[in-house]
Amino acid sequence: MRGHDRTAGRLDWSPMTRTPPVRTCVGCRKRSAKSDLLRVVGDDAAAPQGLVVVDEQSRKPGRGAYLHLSLDCLDQAERRRALQRALRLVGTPDTAALRAWIAAQGRS
Ligand SMILES: [Zn+2]
């Protein structure tokens, strides 16, 4: 079974050039290989204001956002409410779990 990411809007790969898929970080707005970015999705069933959860397998349904594995990028995203916008959440999402997850990766 293959998931269809309709938010992408176009094919991610080309058999001719083998260009790796690129996504924009919602924090620093820089483009990076998708494999260097963390996919997060909003879960507004878990918390009324929306909970941001890490999608390690890139398989969760719904609207995703991409973020570098960096607390700096998370800070920037939060300051600009970029996650809230990208994930279409109504309130300020709870990013505590995401923050802890990034911190646990040992990079900042
Ligand atoms: Zn970034």
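The legends below describe close-up views of a predicted model of one protein chain.

**View 1. Overall layout of the protein chain.** The chain has three helices and five strands. From the N terminus, the order of elements is β-β-β-β-β-α-α-α. Of the 108 residues in the protein chain, 26% are buried. Contacts between residues at least 6 apart in sequence were also sorted by separation: 62% of them join residues at least 24 apart.

**View 2. Pairing of strands β3 and β5.** Strand β3 covers residues 37-43 and runs antiparallel to β5, to which five bridges join it.

**View 3. Pairing of strands β3 and β4.** Strand β4 is formed by residues 51-54, and its pairing with β3 is antiparallel, over four bridges. Asp43 can be found opposite Leu51 of β4.

**View 4. The buried residues of helix α1.** Helix α1 spans residues 71-79, and its residues Cys73, Leu74 and Ala77 are buried. These residues lie on the same side of α1 because the arc they cover around the axis is only 100°. Elements that cover the buried residues of α1 include the strand β5 (64-68) and the helices α2 (82-86) and α3 (96-104).

Methods:
Residues numbered from 1 in each chain as written. Predicted model: local features only at pLDDT ≥ 70, side-chain atom pairs only at ≥ 80, totals over all residues. Buried ≥ 20, exposed ≤ 12 C-beta atoms within 10 Å, placed from the backbone. Helix = DSSP H or I, 4+ residues; strand = E, 2+ residues; numbered from the N terminus. Arc of directions from axis to C-beta. Contact = placed C-beta atoms within 7 Å. Pairing = 2+ DSSP bridges.
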